[in-house]
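Have the sequence and the 3D view open as you read.

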Amino acid sequence: MSSKKVLRTSGTDAVAAALRDGINARGVTLAWLHEQLRVRGNRVSMATLSYWRSGARRPEGVQSMAALHDIEELLHLPDGALTALLGGTNRTGPLGPNQFPLDEKELEQAVKDTFEALGTPYPDTSRELTTHSVTDVDADGNVFRCITRSVVQSTVGTVSAIPFLELSPGISTPAPLLDAVSGGSISERYSHPTGEVHGALFELESPLTAPGTAVIEWSIAYPDDYPPTRETGHAVARQCRELMVWTRFHPDALPDWIEEKIETPTGIHLAPLSLEGRSSIHQVRRAFGPGTVELRWGFGERTDQPG
């Protein structure tokens with residue numbers, strides 16, 4: 001038996017034992033854990049959770065890493081209590097092209113200027129493997145908060161900080177409130193003179209050497225003088241294995257129309273969507289990017305032209 005196989009088996013057993021202990025200590029069931037993960041947008045099956053608990057299977061892939069991080073929080077375990085037991089891989093996997101996700105040269109230059117002001121190289125050498133972006137809409141039908149959780153990976157060398165930007169093409173805005181929730185802290189902030197690009201540098205808790213990964217979470221809130229916004233989305237400069245944009249509407253402000261906009265280097269695709277009796281809507285794309293996944297909405301008869 002190879003040493004690699006021994007290490008993998010040991011990691012599987014360690015995760016299973018720690019998971020069982022955590023469930024027992026918290027006094028919950030596997031069904032409860034499954035439901036709480038579903039609410040967070042992490043659709044791990046009951047069968048998979050059962051395999052992990054018994055040690056019949058080892059968690060693999062970035063989605064499993066994101067699920068284990070959620071489980072650590074749900075079971076009130078320390079960060080890394082489960083994920084640190086898995087060990088690592090020596091491959092980044094297919095990287096794909098790294099390019100600006102929008103076909104707007106002036107905006108890309110503003111992004112380059114923002115990267116320079118933040119003291120970070122352009123393009124960024126990290127990538128998002130799995131990203132879940134959750135937007136909440138207030139009773140007036142406008143965005144008031146967005147929380148994003150990502151599994152990020154260093155693709156080359158060592159990364160100690162990752163830049164995150166808020167873009168408002170064609171609209172000058174005051175700086176939104178970008179803050180770190182977990183996995184690090186904000187070390188630098190910068191707003192471009194155009195007001196169309198606002199950035200923050202997310203300093204990781206510890207440097208990330210390729211092909212290492214980390215789970216981070218950040219939030220964006222909007223000041224009172226921010227223009228009313230009825231669209232949301234997420235852009236990636238390199239292919240993301242899974243990107244989910246979940247938009248949650250206030251029950252008193254369910255929109256009359258919703259439109260999805262997907263923009264990639266091959267073009268723009270627009271499609272009408274419907275809540276179908278729900279108060280939220282989610283968009284999921286796998287093996288997506290470079291590009292953007294967006295959602296727009298409104299009330300009453302639509303007077304603008306899609307595009």
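Start with S182: it is buried, with a relative accessible area of 19%. Here buried means under 20% relative accessible area, exposed means over 50%, and partly exposed is in between (1.4 Å probe, protein chains only). S182 sits in strand 4, residues 177-182. Leaving aside neighbours within four places in sequence, S182 is in contact with D79, F202, I216 and E217, where contact means heavy atoms within 4.5 Å.

A quick word on the ground rules. This is a predicted model, in which local features need pLDDT of at least 70 and side-chain atom pairs count only at pLDDT 80 or more, while totals for chains, interfaces and linings use all residues. Residues are numbered from 1 along each chain as its sequence is written, and side-chain values use heavy atoms, with hydrogens and water left out.

**The whole protein**

Now zoom out. The protein has five helices and 13 strands; these are DSSP runs numbered from the N terminus, with helices (H or I) of at least four residues and strands (E) of at least two. Its radius of gyration is 20 Å, close to the 19 Å from the globule rule for 307 residues, so the protein is as compact as a globular protein of that length. (The radius is taken over C-alpha atoms, and the rule is 2.2 Å times the number of residues to the power 0.38.) Along the principal axes, the C-alpha atoms fill a box of roughly 65 × 45 × 35 Å. Buried residues make up 45% of the 307. Among contacts between residues at least 6 apart in sequence, 73% join residues at least 24 apart.

**Inside the cores**

Nonpolar side chains tend to be buried together in soluble globular proteins. A nonpolar core here is a set of buried Ala, Val, Leu, Ile, Met, Phe, Trp, Tyr and Cys residues joined through side-chain atoms within 4.5 Å. Which residues of the largest nonpolar core touch the most other members? They are I162, L204, I216, F249 and W297, out of 23 residues in that core. Strands 2, 3, 6, 7 and 13 each supply at least two residues of this core, and strand 6 gives the most, with four. Not counting residues up to four places away in sequence, L204 touches V159, S160, A161, I162, G183, G184 and I216. Apart from this core lies another, of 17 residues, among them L37, L49, I71 and L82.

What about cysteines? The structure holds zero disulfides, a disulfide being a pair of cysteine sulfur atoms within 2.5 Å. C146 is in no disulfide, and the nearest cysteine sulfur, that of C240, is 14 Å away. C146 counts as buried at 7% relative accessibility, and C240 is buried too, at 0%.

**How the strands pair**

Strands of a sheet pair through backbone hydrogen bonds, either parallel or antiparallel. Two strands count as paired if DSSP finds at least two bridges between them. Strand 1 (residues 126-137) is mostly covered, with 12 of its 12 residues buried. Strand 1 and strand 2 form a hairpin with five residues between them, and G141 in the turn has a positive phi of about 85°. Elsewhere, three strands form an open sheet in the order 3-6-5, with antiparallel pairing. Strand 3 and strand 5 are the edge strands, each pairing on one side only.

| Strands | Bridges | Direction | Facing residues |
|---|---|---|---|
| 1 and 2 | 11 bridges | antiparallel | H132 and R149 |
| 5 and 6 | seven bridges | antiparallel | E188 and L201 |

Most residues other than glycine have a negative phi, and most peptide bonds are trans. Where does this model depart from that? The peptide bond from Y122 to P123 is cis, with omega near -5°; P123 is in the loop between helix 5 and strand 1. Another cis peptide bond joins A210 and P211, with omega about 5°, and P211 is in the loop between strand 6 and strand 7.

As for phi, H76 has a positive value near 60° without being a glycine. H76 is in the loop between helix 4 and helix 5 and is exposed, with a relative accessible area of 59%. E276, also not a glycine, has a positive phi of about 50°. E276 lies in the loop between strand 11 and strand 12, and is exposed at 60% relative accessible area.
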